[in-house]
Amino acid sequence: MAQVSTSVHERVEFLLDHLIQEWQNLPEIEREIDKWDLIEQIDYVEEWTPTEGLRHELEEYAAKGLLDGSQRERYAKLRRLVSEHRPILERLRAS
Amino acid sequence: MRYARSLRDIMGPKEAKKWMEKAVQEASGGRKAALLSPHPVDRVIREVIQSSGPISASQIDQIVARMAQVEFPTVKQHLAKRIRDKQWVETTAEEEYLRDLRSAILNSGARLVVYQRRGGNMAAVLANTQEIVAKTRRGSRWQPLLFVAYSADRGIIVSGYQASALEEISIPKGAQWLK
């Protein structure tokens, strides 16, 4: 692994925690979103664009070999979640 | 929404819902959040979306003027997210962020689109970030497009962020580009 600065390590930690939570929440949100206020629903869907931007940022760190062992494991978990829950996100974003 | 979801986590669902309704009501002059905005320009937007009918240049100007004047009830929370995303620098003030979004709306080269999202009637603007956001306010991961989403049902800005490409924004099928 490349020598990683504290700031990059912390940023990767944040990205992993945040993105895993967002992708894990998708099935529950798809079940509940119709009960939310309209503006909450719209904002939730619109905000996935910057959320995907964060995932691209994480991909760049991973491609540069800046993730440690534990982070690589969580990154693999995130990739599985993305693959599994992608259809849910596509349905929400098309709605 | 993700912000409300965070609030839900912190405050619990009932408190978060109450907070969001209060913010929206305050921005819409105390009207009940569930009511459709009676503003004539918002009605025009809804009619265009629902009928796919023609729209005049003057009506487009009115939509742009309306969007540039309305409130953004959750501006503080959205700015915090945009700083987190490194789209705007950490020192950006709420007024500067809001001014950037309003400049995008008024930008002569900006595109204007109307569409339905989750059954709600929306208008949105897409502008060139470099033309709008001063270099000193662009974050380390700023993106080339600046997107501002407006609810023609509530008469408020819903979101404002930067995006790498139009495809990343996922504007729903059936959207109408007005300019």
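Student: Buried means under 20% relative accessible area, exposed over 50%, and partly exposed in between (1.4 Å probe, protein chains only). Is E57(A) buried or exposed?

Tutor: E57(A) counts as buried because its relative accessible area is 1%. A note before we go on: this is a predicted model, where local features need pLDDT of at least 70, side-chain atom pairs count only at pLDDT 80 or more, and totals for chains, interfaces and linings use all residues. Residues are numbered from 1 along each chain as its sequence is written, chains are lettered from A and ligands numbered from 1 in the order in which they are written, and side-chain values use heavy atoms, leaving out hydrogens and water.

Student: Got it. Where does E57(A) sit?

Tutor: In helix 3 of chain A. Helices (H or I, at least four residues) and strands (E, at least two) are DSSP runs, numbered from the N terminus.

Student: And what does E57(A) touch?

Tutor: Leaving aside residues up to four places away in sequence, E57(A) touches R11(A), L15(A), K86(B) and R141(B). Contact means heavy atoms within 4.5 Å.

Student: What about T49(A)? Which helix is that in?

Tutor: T49(A) lies in helix 3 of chain A, residues 48-63. T49(A) counts as buried because its relative accessibility is 4%.

Student: Which residues does T49(A) touch?

Tutor: R93(A), Y161(B), A163(B), E168(B) and I169(B), again not counting residues up to four places away in sequence.

Student: What's a polar contact?

Tutor: A pair of N or O atoms within 3.5 Å. Within protein, one must be able to donate a hydrogen and the other to accept it, and residues adjacent in sequence count only if both atoms are side-chain atoms.

Student: Switching to helix 2 of chain A. How many of its residues are buried?

Tutor: Nine of its nine, residues 38-46. Among them are L38(A), E40(A) and Y44(A). At the start of this helix, a side-chain oxygen of D37(A) comes to within 2.9 Å of the backbone nitrogen of I39(A).

Student: How do helix 1 and helix 4 of chain A pack?

Tutor: At an angle of about 35°, with axes 9 Å apart. Axes are lines fitted to C-alpha atoms, for helices over the stretch in contact, and angles run from 0 to 180 degrees between N-to-C directions. By class, the contact of helix 1 with helix 4 of chain A has 14 nonpolar, four polar and seven charged residues. Ala, Val, Leu, Ile, Met, Phe, Trp, Tyr, Cys and Pro count as nonpolar, Asp, Glu, Lys and Arg as charged, and the others, Gly among them, as polar.

Student: Now chain B. How many helices and strands?

Tutor: Eight helices and five strands. Of the 179 residues of chain B, 53% count as buried.

Student: What is the mean pLDDT of chain B?

Tutor: The mean is 87, and 81% of the residues of chain B reach 70 or more. pLDDT is the predictor's confidence in each residue, from 0 to 100.

Student: Where does pLDDT stay under 50 in chain B?

Tutor: Over residues 28-33 of chain B. The model has 10 contacts beyond four places in sequence for that stretch. Where pLDDT is low, the predicted coordinates should not be read in detail.

Student: And what ipTM does the complex get?

Tutor: The predictor gives the complex an ipTM of 0.89, with a pTM of 0.85.
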